[in-house]
Amino acid sequence: MLPVPTTNAFVPPRRTLMGPGPSDVYPQVLSAQSKPTIGHLDPLFVAMMDELKALIQYAFQTKNEMTLAVSAPGSAGMETCFVNLVEPGEKVIVCRNGVFGERMRQNVERVGAKAVVVDNKWGESVSPELVEQALIANPDAKFLAFVHAETSTGALSDAKTLCQLARKHDCLTIVDAVTSLGGVELRVDDWGIDAIYSGSQKCLSCVPGLSPVSFSPKAVEKLSNRTTPVQSWFLDQSLVMGYWGAGNSGAKRSYHHTAPVNALYALHESLRLLAEEGLENAWQRHQDMHQLLKAGLNKLGLEFVVDEDSRLPQLNALYIPQGVDDAEVRQRLLNDYNLEIGAGLGDLAGKAWRIGLMGYGARRENVALCLRALEEVLS
Ligand SMILES: *Cc1c(COP(=O)(O)O)cnc(C)c1O
């Protein structure tokens, strides 16, 4: 026998989360998650799932039938899109202007497909001109993949224009909306996005671990015409849809995997709160809080990494001032103010901080706390 571990119950501190995710979770979402667990084929649970699907469709602004939440974090949503849609040997144009574009490229390679990379500098948005050049130079490309809101730098790309270009050149689009969903304008049907994935823990302010995804009818057709089986059993959407019950309408829900029942209560509640606020009001609130934060940061002399016209309101990347110790500042914010901000990632590691204003975190009191704490720690 191993010795009995003498461990106390884990009691997390109450932090204010203003990093790149997870974001502050709505109190209502935390209490929704602690409701009694019921069977995942219980008729009442199935009814909740139907509402959840309608709420995800609203958040994405889509009528896509194949809309659901993958039972795993945003990275699994990314992988779901690539493994289902892209077949070995196909060509995918991948835009890379930060960490997550590079992860898309790795997904393409692992599927056994060929990635044509369109590079933009870190902190810049994806250039439609460079994308069009790549589309012209690669008439055999089947997909255009890009990140709408690059969380590693805070740059927003013009998803509407990029999707127009892809359509003109007969490519389907795969769009990362992990950080954009709920924080900035996003219209899946109007913009003609074919496959999109997001995450529960950024601007939805839900607990981490779920990934809303949606496939257009054209994407579903591509999936149905596959000549090779999807190599991931768990992420194969043709199997998952048997559970979410929208593959063949009227089909009975069958067991695929045990749904994360309580986490789905939480997502239902966070999307319900988003719908109650109204999508456009939520976008505006993120913009308003960003303006408030920006004014205070300018007074502190901090400089943004991204140009004003492509800056994400929900992710503010700032250069660390000369002579300031990155780790020490973040440590003091955490220890003295219970405030988490994000470190730089990849090319920006050690050079930038990332301040998130996501979902429930995009509030006046958070902005005020962050500005006061930064002022005191930096002086
Ligand atoms: C956070 C994030 C992901 C990954 O989501 P996880 O939930 O951490 O797996 C993917 N893309 C972008 C743009 C992100 O910000």
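Setting aside neighbours within four places in sequence, Ser23 makes contact with Leu17, Gln201, Lys202, Ser205 and Met358, where contact means heavy atoms within 4.5 Å. The structure is a predicted model, in which local features need pLDDT of at least 70 and side-chain atom pairs count only at pLDDT 80 or more, while totals for chains, interfaces and linings use all residues. Residues are numbered from 1 along each chain as its sequence is written, and side-chain values use heavy atoms, with hydrogens and water left out.

Ser23 sits in the loop between strand 1 (16–18) and helix 1 (27–33); here helices (H or I, at least four residues) and strands (E, at least two) are DSSP runs, numbered from the N terminus. Ser23 counts as buried because its relative accessibility is 1%. On that scale, buried means under 20% relative accessible area, exposed means over 50%, and partly exposed falls in between (1.4 Å probe, protein chains only). Two polar contacts come with this serine. A polar atom of the Ser23 side chain lies 2.7 Å from the backbone oxygen of Lys202, and a polar contact of 3.2 Å links the side chains of Ser23 and Ser205. A polar contact is a pair of N or O atoms within 3.5 Å; within protein, one must be able to donate a hydrogen and the other to accept it, and residues adjacent in sequence count only if both atoms are side-chain atoms. The peptide bond from Gly21 to Pro22 is cis, with omega near 0°.

UniProt, in an unreviewed entry, places the feature "modified residue: N6-(pyridoxal phosphate)lysine" at Lys202; UniProt positions are given in the numbering used here, feature names are shortened, and annotations may be inferred rather than shown by experiment. Lys202 is found in the loop between strand 9 (195–197) and strand 10 (211–215), and its relative accessible area of 9% is why it counts as buried. Leaving out neighbours within four places in sequence, Lys202 touches Pro20, Gly21, Ser23, Val178, Thr179, Met358 and Gly359.

Around the ligand itself are Pro73, Gly74, Ser75, Phe100, Val147, Ala149, Thr151, Asp176, Val178, Thr179, Gln201 and Lys202, a residue being near a molecule or strand if one of its heavy atoms lies within 4 Å of it. Sorted by type, this shell has five nonpolar, five polar and two charged residues. For that count, Ala, Val, Leu, Ile, Met, Phe, Trp, Tyr, Cys and Pro are nonpolar, Asp, Glu, Lys and Arg are charged, and the others, Gly among them, are polar. A nitrogen atom of the ligand is 2.7 Å from an N or O atom in the side chain of Asp176. On the oxygen side, an oxygen atom of the ligand is 2.7 Å from an N or O atom in the side chain of Gln201, and an oxygen atom of the ligand is 2.7 Å from an N or O atom in the side chain of Lys202. The protein covers 89% of the 380 Å² of accessible area that the ligand has on its own; accessible areas come from the Shrake-Rupley method with a 1.4 Å probe, and for residues only the protein chains shown count as cover.

An unreviewed UniProt entry puts the feature "binding site" at Arg354.

Next comes Glu185, in the loop between strand 8 and helix 7 (188–191). With a relative accessible area of 38%, Glu185 is partly exposed. Not counting residues up to four places away in sequence, Glu185 touches His148, Trp191 and Trp283, while a polar contact of 2.6 Å joins its side chain to that of Arg187. The C-alpha atoms of Glu185 and Leu279 are separated by 8.4 Å, although the two residues are 94 residues apart along the chain.

Gln61, in the loop between helix 2 (43–60) and strand 2 (66–70), has phi near 55°, a positive value in a residue other than glycine. Gln61 counts as partly exposed because its relative accessibility is 30%. Asp170, in the loop between helix 6 (159–168) and strand 8 (172–176), has a positive phi near 60°, again in a residue other than glycine. At 70% relative accessibility, Asp170 counts as exposed.
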